[in-house]
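Student: I have a structure I'd like to talk through with you. Could we take it one question at a time?

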Amino acid sequence: MSARHFVHPTAILRHAALLSSGTLILVPFVWMLSLSLKPPGEIFGASFSLLPHHWYAVENYQRALTSAPLLRYMANGLIVCAAILALQIAVCAPAGYALAKLRFKGRDVIFALVLIGLLLPHQVLSLPLFILGYQLNILNTYAALIFPYVVSPFGIFLFRQFFKTIPDDVVHAARLDGLPEISIVWRIMVPMALPAVIAFSIFSVVSHWNDLFWPLIAVRSEELMPPPLGIMAFRNEEAGNDYGPLMAAATLVVLPLVLAFVAAQRWFVEGLTGGAVK
Amino acid sequence: MKNRRLRSNRLMETLAAWVLVGPAVALLVVLFFVPVGAVFLIALTDWQFGARTLNFIGLANFREVFSDPGFRASLANTVIYVLIVVPGTVLAGLLVALLIESGKSLRTFYRAIHFVPFMATLTAMAIAWEALLHPTIGLVNQTLGALGLPTANWLRDEATVLPVLAAIGIWQNLGFSMVLFLAGLKSIPRDLYDAADIDGADSWLDRLRTVTLPMLGPVTMFVVIVVALRAFEAFDTVKVLTQGGPGHASEVLLFTLYRESFEYLRTGYGAAVAVVFLVIVMVLTLSQARVMDNRVHYQ
Amino acid sequence: MATVSIDTISKRYGETVVLRDVSLSIGDGEFLTLLGPSGCGKSTLLRIIAGLEVHDGGSVSIGERVVDHLRPKLRDVAMVFQSYALYPHMTVAGNMALPLRMRRLRAWQRLPLVGRMLPGTRKADAEIETEVSRTAKALGIGHLLGRKPGQLSGGQRQRVAVGRAMVRRPAIFLMDEPLSNLDAKLRVQMRAEIKELHQRLGITFIYVTHDQAEAMTLSDRVAVMLDGELLQVAPPQEIYADPDDRRIAEFIGSPKINMLDAIAREHGLVDVAGTTLAIEADALPGTPLALGIRPEAFQLTEYGGTGALTGAVRLVEHMGSDLFVHLDLPGADHPLIARLLAERAPTITPGQTLHLGVRPDRVLLFAPDGRRLRPRRDAVAPVTSLREYGR
């Protein structure tokens, strides 16, 4: 009975196991950070230490920011992610509302289309989308990075599911108050579905910030590259063996999402796994 | 009169619905369904990007794809990759989830640590992995060397490159399966463990066998399929670290699709690869729906 | 078969005290019910007896054995849970066989596939199967053995849960609100079946419920719990008619007992609601008392005055054979409810003034601290005569 107050040996084992697996998981991050602080001599030296003898952080990060347009890449990522997210919500929320709350001919067919869209791996579509972008003459512009993602089947699905949980009476009351359907969507449903909006936003931003496949196809000029493509280009042309600045650049690319994750862990876990659960 | 009002109300509702859903439907058709149809069509032609003419050549592209040793290697590599990543991710995720759930302290902390790789930009992390795996200055070889164990040029050796990429895949997806398992564990009613205690299944192994694992059945099935889908879509690490090499040793389907379509501009061939890829993914997804409906749902 | 004795058990979760020095002994073969509102600690006490929860102080014995440090499986108890807690992935047969398999087969014999080939496994499995099907037949679920819990109705699941507990013939049968997930009709039926089961098995039952009807109909004795304290342990009739504590009187009975503010006077009299009743109170004159009268303890009388309560009818509820009459008494802040036989009280209408005679031997007096004040023995005789006089 009194044993409860002491730390049980199994609890120690649990912590030991989880701390070691957690450490292993974090090794790439730590190594990346560690190299980004070291001068080339230490990186290529035989001895190993986590922290540098001579701090070289300023030089490395400075080079990362100047010799590659890293800030430009990140601004590109921000612009593209924001545009995609805004357009997705603008398109998907009304559609989700119509599918959840309105009765009309063709609703089931449309929902079936959404479900099929949900199953399609996006990379399969890349070739026709590339051709479409070529025809529209928008390849190698921001538009090329954005247009394939303007509509998200997952977004429509998620909004529909969430709107369905809002009682019909809310919609009826709003109609009696004289709100047109479009205002019901934006002024009643979306604010009430804020958790779904947040979850979807995280899902969308994380996916598109991290995406390499489509930007690789859609843009060539350096000033349009989002972070993953940019850092790849940086590595290929520049760094070769110059690990310090490269790791500094990698750290800077990974940092925004990791910081956001630390700040809003629960939302990230929900947004990123909810995407799979549904 | 009343009937007419009703009918006009109906009409208004339909009209409003189409106004709301119209843009989404139009975009879905243009950005999803037309392209899918186009992929199938292109796969049946000899069209090359930029060419003015095209001829239907039946299944010739598919014949070429399947007789191409490069593609066969790619398909085999993908399967091997998936067969390593899926069990690795599922087991590791389950183990970590069980460990986290077996105690009360620091749960969110451990969950966070294990989840970070899932959302970190994989392209950047691949570069970090490259540094770790560097044959001379990488931490991996330095550690192995210090322990007196054999070292390798991990990403340049045909024998090691695919398992190493798979290990990175497990590293990235483990947190994801862990979170799903944690949710699964949370939903197991406490009463069942109490009943197991009273029935005499009270060692951790018996509890695991009697309650935990069977109750995780549906989640496990789900995790397997979702992780398999993610593993089939592996691309970033291959593109950054190996370009499919050495030889074809680390070429996977999506990389082949990319290279044939957009680097070699073999459009018909690329489309055929896309169709094969699509079929595999669809079969997997549909089998998931099938299995979930039939077997693992207890209630 | 075994007795259970609980000795000054205490339990707290952090700052909240869940059980406060609870002591109780339960006889061999007795049906004892732990009754109380939710949160009173009754389920915690049951789980402590089962060994699912660890208590902070005191001790539990089953038979002659102190079981404080024994795991649940070594205590020879079986339990039926409110949610039934059936293993959804196992068939009914599998569910019922599990406790036997865990006890009779060794770990390696329980391995899938391999286990069957080991010596002794087949024989033991066959025996288990026979016992399971015998128990299932006795419970009327023999035809369900191949089904999974998900395919069963609520009542069938309940029987399976009982079967799983029964099959290994435990010394003690623990039931935690086993009927609360059933609909009203089924609940009455299963209640009777549990009673029958107890009679047939003849072993000790400890039953937790918040439903007084279940407690009253099933139990040999009822233990009433409130706020982590055991207030009274007695046969159902006694709990109802002769409660030790005001809280018990108020918890048991529907409609609720009427509680009136009263003042003790000399010569075995009590002032209440503008009248005087002849009740021998064991209290100094002038003490404020609470006077409890069950709704059915009233009788219509023609005249008011001593021995009767007089008030205006506020509301009449027809319940078929009975009437519930709500009566406003002078000086009382809420109406009194009397349950009268419909045939004896033909035409009562709201607004009418009514005199209700009270049988003093059915009046319950409580001290300001809620303690019951029992009448002195010698006070009983004049009481009856006074009532006669009142008519």
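This is a predicted model: local features need pLDDT of at least 70, side-chain atom pairs count only at pLDDT 80 or more; totals for chains, interfaces and linings use all residues.

Student: What distance separates the C-alpha centres of domain 1 and domain 2 of chain C?

Tutor: Let's begin with the bounds: the domain assignment of chain C gives domain 1 as 4–241 and domain 2 as 256–390. Between the C-alpha centres of these two domains of chain C, the distance is 43 Å.

Student: Now to the other chains. Which element gives the largest share of the side of chain B that touches chain A?

Tutor: In total, 72 residues of chain B are in contact with 72 residues of chain A. The largest share of chain B's side, 19 residues, comes from helix α1 (residues 2–43) of chain B. By class, that side of chain B has 56 nonpolar, 12 polar and four charged residues. So the name you asked for is helix α1 of chain B.

Student: Why do the buried residues of α9(B) line one face of the helix?

Tutor: Helix α9 (residues 204–215) of chain B has Thr210(B), Val211(B) and Met215(B) buried. Trp204(B) and Leu205(B) are exposed on the face turned away from that buried side. The buried residues line one face because, seen down the axis of α9(B), they fall within an arc of 85 degrees.

Student: Which helix of chain C do the buried residues of α9(B) pack against?

Tutor: Within chain B, their partners are α8 (190–199) and α10 (217–232). From chain C, the partner is α2 (92–104).

Conventions
Residues are numbered from 1 along each chain as its sequence is written. Chains are lettered from A and ligands numbered from 1 in the order in which they are written. Two residues are in contact if their C-beta atoms, placed from the backbone, lie within 7 Å. Helices (H or I, at least four residues) and strands (E, at least two) are DSSP runs, numbered from the N terminus. Ala, Val, Leu, Ile, Met, Phe, Trp, Tyr, Cys and Pro count as nonpolar, Asp, Glu, Lys and Arg as charged, and the others, Gly among them, as polar. Domain bounds come from an automatic or database domain assignment. A residue is buried if 20 or more other C-beta atoms lie within 10 Å of its own, exposed if 12 or fewer, and partly exposed in between; C-beta atoms are placed from the backbone. The arc is that of the directions from the helix axis to the C-beta atoms.
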